Amino acid sequence: MATATKDQMVRDPQNSSVRVEIFDQAYNLRGSDAEYILKLAEYVDAKMRAVAEATNTIDTVRLAVLAALNIADEYHLLQEKQDHGATDYQKRAHLLANALDEVLGENRKAG
């Protein structure tokens, strides 16, 4: 499990540094949001542990690549879902706009 304590977080004016542990390996990572870095590290650690449990492999490089592929798959599925969702919303918006144009057009003729 990725971990960090408040004592491990070192802040400076430009960025934050946080020491995390991913799959029993310590890393010092820097970025603008130490809490977010910790959250990402916890996610990667959980993915690596899930892959390790499912595959019974101990090669950490192989586990990291398999975990990365799982995360990439999740990302692309979400992107695809968003793209289709945007298309569905656009279609619905066009249908509603056309219906509104028809109603407004009828009201103009009647008025």
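**Figure 1. Salt bridge between arginine 49 and aspartate 24 in the predicted model.** In this predicted model, the side chains of arginine 49 and aspartate 24 form a salt bridge with an N to O distance of 3.1 Å. The pair connects distant parts of the chain, 25 residues apart. Arginine 49 belongs to helix H1 (residues 34-55), whereas aspartate 24 occupies the loop between strand S2 (16-22) and strand S3 (25-31). Arginine 49 has a relative accessibility of 31% and therefore counts as partly exposed. Aspartate 24, with a relative accessible area of 53%, is exposed. Side chains of opposite charge can pair when their charged atoms come close.

**Figure 2. Salt bridge between arginine 49 and aspartate 45 within helix H1.** A salt bridge also joins arginine 49 to aspartate 45, and the closest N and O atoms of this pair are 3.0 Å apart. Both residues lie in helix H1, separated by 4 residues, or about one turn of the helix. Aspartate 45 is classed as buried because its relative accessible area is 2%, the cut-off for this class being under 20%.

**Figure 3. Salt bridge between lysine 47 and glutamate 74.** Lysine 47 pairs with glutamate 74 in a salt bridge whose closest N and O atoms are 2.3 Å apart. Glutamate 74 has a relative accessible area of 27% and is partly exposed. Elsewhere, salt bridges with shared partners unite Asp24, Asp45 and Arg49 in one network. The search of the whole structure finds 3 salt bridges.

Figure 4. Isoleucine 71 is located in helix H2, which spans residues 60-110. When neighbours within four places in sequence are set aside, the contacts of isoleucine 71 are Tyr43, Val44 and Lys47. The C-alpha atoms of isoleucine 71 and tyrosine 43 are 9.4 Å apart, and the two residues are separated by 28 residues in sequence. Isoleucine 71 counts as partly exposed because its relative accessibility is 26%. Lysine 47, one of the residues in contact with isoleucine 71, is also the salt-bridge partner of glutamate 74.

**Figure 5. Strand S1 and the confidence of the prediction.** Strand S1 (residues 10-11) has the lowest confidence in the chain, at a mean of 46, while H1 has the highest, at 96. Over residues 5-13 the pLDDT stays under 50, and the model has 13 contacts beyond four places in sequence for this segment. For the chain, the mean pLDDT is 84, and 79% of the residues reach 70 or more.

**Figure 6. Overall arrangement of the chain, for orientation.** The secondary structure consists of 2 helices and 3 strands, which follow the pattern β-β-β-α-α along the sequence. The chain has 111 residues, of which 20% count as buried. Its accessible surface comes to about 8800 Å², with 55% belonging to carbon and sulfur atoms. Among contacts with a separation of 6 or more, 30% are between residues 24 or more positions apart.

Note on methods:
Residues numbered from 1 in each chain as written. Predicted model: local features only at pLDDT ≥ 70, side-chain atom pairs only at ≥ 80, totals over all residues. Heavy atoms only, no water. Buried < 20%, exposed > 50% of the residue type's maximum accessible area, 1.4 Å probe, protein only. Contact = heavy atoms within 4.5 Å. Areas by Shrake-Rupley, 256 points an atom, 1.4 Å probe, with all protein chains shown as cover. Salt bridge = Lys/Arg side-chain N within 4 Å of Asp/Glu carboxyl O. pLDDT = per-residue confidence, 0-100.
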